[in-house]
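Hi there,

Here is the structure I promised to pass on. Please have a look, and my notes follow below.

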Amino acid sequence: MHATTGLPSRRTVLRAGAATALGALLGGGALGCASEFAGTRLTLGTGGSQGVYYTLGGALADAWWERLGMAQRPTVRSTAGSVENLSLLASGSVDVIFSTADVADTALATSTPPGRAPRALARIYDDALQVVVPANSSITLLTELRGRRVSVGATDSQVIVAANRLLTAAGLSPRRDLTASQLGIDESIAALRGGDIDAFFWSGGLPTGGLAALSADRPIRLLDLTPVVPAIRAAYPVYDVGTVPAATYGIPAPITTLFVRNFLLVAAELPDDLAGALVAGLFDERDRLVRANPAGRVIDTRSAIGTQPVPLHPGAERFYRSAKEYD
């Protein structure tokens with residue numbers, strides 16, 4: 001384990017509350033070299049370098065480095081995504097991870113050493129399931145992916161989990177009905193831009209920076225998932241129905257898709273004072289996250305505690321109790 005113990009008017013108040021809570025968690029002393037966390041070393045498990053996880057992970061690393069007075073900036077590790085992140089957390093290779101609720105739910109049922117079981121710091125934002133095709137493609141429905149070259153997401157990512165569920169609901173098998181490849185977000189974008197695939201699956205915050213950049217030089221569309229919503233919701237109630245607004249990535253009209261909650265997770269054995277300080281730093285530096293990616297706008301203390309089925313870490317609970325009086 002790397003870690004060692006060594007809304008407008010309302011928003012201003014919440015920031016003050018977070019700062020107060022952070023001060024209390026640091027023993028009331030000044031930040032910087034006097035911090036009890038100066039010797040703390042952290043590694044964050046994120047996702048592909050063009051995804052929201054990685055972008056927000058970098059902003060969080062900067063925030064925690066400064067706010068907790070760490071001598072060393074936390075390491076931001078690019079990964080395949082949620083599935084790999086949970087495996088890395090269980091092994092002790094990383095200390096803080098991003099994960100979606102659907103994958104975390106599955107991980108809770110696996111045999112993990114008790115101290116490495118996932119515990120939540122916060123619900124941060126929701127991912128949209130996005131099936132991307134060129135704007136001039138004839139593909140409009142999932143069923144029309146039959147026989148096409150499709151990236152279903154990287155191995156050990158949440159994307160491949162969601163893609164398999166969506167394709168099954170549409171009556172398709174990735175092995176039998178598609179020319180499927182398992183590419184991460186970076187590789188999928190490059191492959192679509194180069195004409196090497198016809199579509200790819202992605203699960204990420206809106207907007208995802210890599211897709212926004214892609215749409216600037218290669219117009220894209222997102223497939224409407226309305227036909228498979230009933231089947232997915234019946235089998236996996238962890239997904240919520242929502243809308244991707246028109247103009248996102250330049251799409252001409254809103255489309256219906258599915259959303260899944262995103263969490264910041266740590267191991268159960270992470271010290272309570274460090275876990276609480278990480279949550280406090282998250283909220284005190286929320287503006288930094290918003291500058292990194294618009295997904296940061298939805299992070300607040302009311303929604304952050306909605307981490308079911310993953311229990312909150314006791315240190316995070318302590319923060320939310322202390323901040324509640326400012327709510």
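Over which residues does pLDDT stay under 50, and how many contacts beyond four places in sequence does the model have for them? The stretch is residues 4-20, with 32 such contacts; pLDDT is the predictor's confidence in each residue, from 0 to 100, and contact means heavy atoms within 4.5 Å. Residues 26-33 also have pLDDT below 50, with 12 contacts beyond near neighbours in sequence. Where pLDDT is low, the predicted coordinates should not be read in detail. For the protein, the mean pLDDT is 89, and 89% of residues reach 70 or more.

This is a predicted model, in which local features need pLDDT of at least 70 and side-chain atom pairs count only at pLDDT 80 or more, while totals for chains, interfaces and linings use all residues. Residues are numbered from 1 along each chain as its sequence is written, and side-chain values use heavy atoms, leaving out hydrogens and water.

Now to the helix packing. The axes (lines fitted to C-alpha atoms over the stretch in contact, with angles from 0 to 180 degrees between N-to-C directions) of α2 (residues 52-67) and α10 (residues 272-284) come within 9 Å and cross at roughly 110°. α2 is therefore roughly perpendicular (65 to 115 degrees) to α10. Leu60, Trp64 and Arg67 of α2 meet Leu278, Gly281, Leu282 and Asp284 of α10.

Helices α3 (residues 82-91) and α4 (residues 101-108) pack at about 40°, their axes 9 Å apart. Ser82, Val83 and Leu86 of α3 make the contact with Val103, Ala104 and Ala107 of α4.

Best wishes

Key: Helices (H or I, at least four residues) and strands (E, at least two) are DSSP runs, numbered from the N terminus. Angles under 35 degrees count as roughly parallel, over 145 as roughly antiparallel, 65 to 115 as roughly perpendicular and the rest as oblique.
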